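Okay, thanks everyone, let's get going.

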Amino acid sequence: MKPRPAYRVFRVVALTFVVLSLLAPLLWMIAASFKTNVDIYDPGKALSFSPTMGNYAKVLQQANYVEFIVNSLWVAFAATVASLILGLPAAYSMSRFNMKKSALVVLMARVIPGVSLLVPWYYVFSNLKMVGGFGVLIISHMFVSLPLVVYIMMGYFDSLPEELEEAGLVDGLTHIGAFRRVILPLSVPGIATSGILSFIFSWNNFMFALVLSDADTKTLPVAIFDFVGYASIDWGGLMAASTVVTLPIMLIALFVQKYVVSGLTAGATKG
Amino acid sequence: MATITTTKTPRSAGAPDTPGWVRWVNDHRKWLFAAPAMAFVAALIVFPLAWTGYLSLTDAEGSVRAESEFVGLQNYFDVLTDTERFWPAVGRTATFTVVALLFEVVLGMAIALLLWRPFKGQRWVRVAILMPLVATPVAVGMMWRLIFDPNIGLANQVLGWVGIGPQPWLAGQHSALPTTIFIDVWQWTPMVVLILLAGLTSLSDEPQEAARIDGASTWQRFRHVTLPLLTPTLTVAILLRGIDALKTFDILYATKGRGGGSFHEVETLNVYAYGLSFDYNEYGVSSTVLILFFLIIIGAMWALTARRKEAQR
């Protein structure tokens, strides 16, 4: 059934408005990152300005952002790999043995406000001399990404028929072997989905790193605040820093859109 | 979506000549697989939560290592009678969550319905919708901080074109909270769109067709066919978004800094508890606030899931 022409026109107008309101602010941020502070203060130069790389030079050279980019990459990567190693077998077991209550334990991590855990964490990890190291950051980010992996992968394993393992067992594989050689290879799309989402959430995480990192282990979301002074804000530098943090993750999402969407909506339609 | 009911078939592991430990590992795989992840999460939750519960009964402050005295329910009494910071923070948390959620659900539903049926260019609209969602919240806060700047921001320029005077936005004592709600709606409406769109796509066409043949109008079909069928998905969306909205921290901290601004304009429970813990080191009181906050979250979730079960009956 074709929708009526009037509706089609309305749809085009409405969705154009939606797309513009979602993208314009982001484009404005990126544009400002190529302006001098003088141009940012001048409304006449809103769209016609001579682009400068000065802000990026400041961000990458003076503000040491290369180091923070490496920190963010390392923490997000390590937290994602560790979450997959712990989360894949757990999700498999919880799916196959229908361990609803156990799954709830892991999913509790999504509900609890992070602040309520941070004081005890800070105390324990500073006694272990771990605060300011990468270990504690990776552990705290795993607290976000592990439940994500378990949640997404439980749904994925639910959708794989049990006959697959049974065929493997008939062929002489052990249960563990069937998981490793039959189920895991078939789960690559699910693993990609949960891995990408876990990386994004770790990359974007702010509060844990705010408390648990120090000057050398800072991740990008914390480093953004270097451009916010008490008296004044370096808008050009701030927008360049914000773009450096956000643009890579938006590009990733652009290329693996399908996985990101299926991860974000995992389990939503099961009711 | 297909759900597979798992029926366990007891079967010895692999070939008969497997070594004993391999068999043991296979027989105990249920817990060997699940335990590490569960132990990891439990270790990071149970002990800290118990400790937060204990701290809430003490006058701990200054340093976590400092001596503290057991004061019973004194903190709870103090906090629950505190009309200067605590109750306003509860009010702001409730306002923020309810208003943001309301806009996100209504707008999200409208956009999802527009995207429901395939059309040319739909792919690009979906890409645009994904962008705010994956953007780093702190950077999003900074971006809007520039746009809403009263002197140089784009927002007041645009208002100027249509003849409306400049607004204080984030800088105003009464406009700061609505402005942060706007930012939250901008960033998270796409989440609701994606979830509802997944729900809509999984609906079968038959009830729609039947209603059309019976002569139901577009609105009637939405109200009496689509909406009831979509209720479970809608509840999931509200639950997920609601929990995250209650816990919002990043954009509030990025736009207004410590304490939710100099007049605590956007100080929600989460921001208040963070300030008590890490700016003022009032561990006893902050733990009390956190325990109460946690109870509020559990209560809200319980109310929503109870409604959901009722709806399913």
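So, at what angle do helix H13 of chain A and helix H6 of chain B pack, and how far apart are their axes? Keep in mind that this is a predicted model. The angle is about 145°, and the axes are 9 Å apart. As for handedness, H13(A) and H6(B) cross in a left-handed way.

Who's touching whom here? On the H13(A) side you've got A:Trp235, A:Leu238, A:Met239, A:Ser242, A:Val245 and A:Thr246, and H6(B) brings B:Ala139, B:Met142, B:Met143 and B:Leu146. By class, that contact comes out as eight nonpolar residues, two polar and no charged.

The buried set runs from B:Pro137 to B:Ile147, and B:Trp144 and B:Arg145 are among them.

Okay, zooming out to the whole contact between the chains. Chain A puts in 83 residues and chain B puts in 80. On the chain B side, the top contributor is helix H2, residues 29-55, with 17 residues. That side of chain B has 61 nonpolar residues, 13 polar and six charged.

Last thing, the annotation. An unreviewed UniProt entry gives residues 69-256 of chain A as "domain: ABC transmembrane type-1". In the model, that span is 78% helix and 0% strand, and its end C-alpha atoms lie 21 Å apart.

That's me done, over to you.

Note on methods. Residues are numbered from 1 along each chain as its sequence is written. Chains are lettered from A and ligands numbered from 1 in the order in which they are written. This is a predicted model: local features need pLDDT of at least 70, side-chain atom pairs count only at pLDDT 80 or more; totals for chains, interfaces and linings use all residues. Two residues are in contact if their C-beta atoms, placed from the backbone, lie within 7 Å. Helices (H or I, at least four residues) and strands (E, at least two) are DSSP runs, numbered from the N terminus. Ala, Val, Leu, Ile, Met, Phe, Trp, Tyr, Cys and Pro count as nonpolar, Asp, Glu, Lys and Arg as charged, and the others, Gly among them, as polar. Axes are lines fitted to C-alpha atoms, for helices over the stretch in contact, and angles run from 0 to 180 degrees between N-to-C directions. A crossing is left-handed if the near helix is turned anticlockwise from the far one by less than a right angle, and right-handed if clockwise. UniProt positions are given in the numbering used here, feature names are shortened, and annotations may be inferred rather than shown by experiment. A residue is buried if 20 or more other C-beta atoms lie within 10 Å of its own, exposed if 12 or fewer, and partly exposed in between; C-beta atoms are placed from the backbone.
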